[in-house]
Amino acid sequence: MKYRTVVMYMEIGSFVSCLCGWILVCSTLPTEYWTFSEVGSIVLTTSNYYSNLWRDCISDTTGVSDCKDYPSMLALPAFLHACRALAVCAVITGFFGGVLTLVGMKCTKIGGSEVANARVTFAGGLTYLVSGFCGMITYSWWSNRVISEFLDPNFRAQKFELGAAVFIGWGGSVLLLSGGAVLTYFSGKEGLPSTSSKTPRRPGTYATARTRRTYMLPASSSRVTLVPPLFYEGRKSRATGGTRKSSRTFNRDSFV
């Protein structure tokens, strides 16, 4: 099996994993069972209290249920605002991650070259990772708040427990993170240039034993005499001629 086929199947599996995780995260937003609490009374009726990011609900054994939205947005704690913002960011980034991954996958053949498709898939994988991290922070922060209030002996208000939506959100966030990591790894190897390819490589030497022996100096010669270039010969001959003329000796009879 070729490497391209393996990468294509890995992209399909990662995209399906991310898509399932994104659907699970989206399904937790309208669900009221983020926290729940069951309160029994003297009579045969039991009241169930449950809430999520947007409203509080109550139901009893008679089947009557009632939900009420939070009355004021400005009166809510900053913790609840942060959880809302992170949950919405997880949904939005997961949607754009799906669009980018569909455009850049090898099996769709929508984009241009292989490198361009790999870069688009890499961007989609990063977007899925951001979506998974936003969802994981949201559910972990919410569960930490609920557990700390439940275990605090000085907390006098009604105590709640973790609902099913938190566990579903954890599962969806794990799928988003795992799928996004695989997409980022395989597309990054193909789409992003490696640093090793930019460094200049030293050319290989082709010297053999014969060539080394040819250019090796003999053992007897301790000094190498350098021959001057040809265009210096004329100057050298002129210089030697001048020295020869100047080296002539004259006696007294030659002037007579």
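**Entry 1: overall layout**

I noted before anything else that this is a predicted model. I then looked up the secondary structure and found six helices and five strands in the protein. Reading from the N terminus on, I wrote the order of the elements as α-β-β-β-β-α-α-β-α-α-α. I also looked up burial, and buried residues make up 28% of the 256 residues in the protein. Turning to contacts between residues at least 6 apart in sequence, I found that 63% of them join residues at least 24 apart.

**Entry 2: helix 1 and helix 4**

I looked up how helix 1, residues 3-28, lies against helix 4, residues 164-191, and their axes come within 7 Å and cross at roughly 155°. Angles over 145 degrees count as roughly antiparallel, so helix 1 is roughly antiparallel to helix 4. I recorded the crossing of helix 1 with helix 4 as left-handed. The residues of this contact divide into 15 nonpolar, eleven polar and two charged.

**Entry 3: helix 3 and helix 4**

Next I looked up helix 3, residues 114-151, which packs with helix 4 at an angle of about 155°, their axes being 7 Å apart. Helix 3 and helix 4 are therefore roughly antiparallel to each other, and I noted that their crossing is left-handed. Sorting the residues of this contact by class, I found 18 nonpolar, 14 polar and three charged.

**Entry 4: helix 2 and helix 3**

For helix 2 and helix 3 I found a packing angle of about 160°, with the axes 7 Å apart. That makes helix 2 roughly antiparallel to helix 3, and helix 2 passes helix 3 in a left-handed crossing. The contact of helix 2 with helix 3 has 19 nonpolar residues, 14 polar ones and one charged.

I then looked up a pair of residues, Ala82 and Thr138, which are 56 residues apart in sequence, while their C-alpha atoms are 8.1 Å apart in space. Ala82 lies in helix 2, and with a relative accessible area of 22% Ala82 is partly exposed; the cut-off for buried is under 20%.

**Entry 5: the largest nonpolar core**

Which residues have the most contacts inside the largest nonpolar core? I found that this core has 24 residues, and that those with the most contacts inside it are Val25, Leu29, Trp34, Leu53, Tyr128 and Trp142. Helix 1, helix 2 (78-104), helix 3 and helix 4 are the elements that give two or more residues to this core. The largest share, six residues, comes from helix 2.

**Entry 6: Ser59**

Is Ser59 buried or exposed? I looked up its place in strand 3, residues 55-60, and then its relative accessible area, which is 12%, so Ser59 is buried. Leaving aside neighbours within four places in sequence, I found Ser59 in contact with Thr46, Ser47, Asn48, Tyr50, Val64 and Ser65.

Notes: Residues are numbered from 1 along each chain as its sequence is written. This is a predicted model: local features need pLDDT of at least 70, side-chain atom pairs count only at pLDDT 80 or more; totals for chains, interfaces and linings use all residues. Side-chain values use heavy atoms; hydrogens and water are left out. Axes are lines fitted to C-alpha atoms, for helices over the stretch in contact, and angles run from 0 to 180 degrees between N-to-C directions. Helices (H or I, at least four residues) and strands (E, at least two) are DSSP runs, numbered from the N terminus. Angles under 35 degrees count as roughly parallel, over 145 as roughly antiparallel, 65 to 115 as roughly perpendicular and the rest as oblique. A crossing is left-handed if the near helix is turned anticlockwise from the far one by less than a right angle, and right-handed if clockwise. Ala, Val, Leu, Ile, Met, Phe, Trp, Tyr, Cys and Pro count as nonpolar, Asp, Glu, Lys and Arg as charged, and the others, Gly among them, as polar. A nonpolar core is a set of buried Ala, Val, Leu, Ile, Met, Phe, Trp, Tyr and Cys residues joined through side-chain atoms within 4.5 Å. Buried means under 20% relative accessible area, exposed over 50%, partly exposed in between (1.4 Å probe, protein chains only). Contact means heavy atoms within 4.5 Å.
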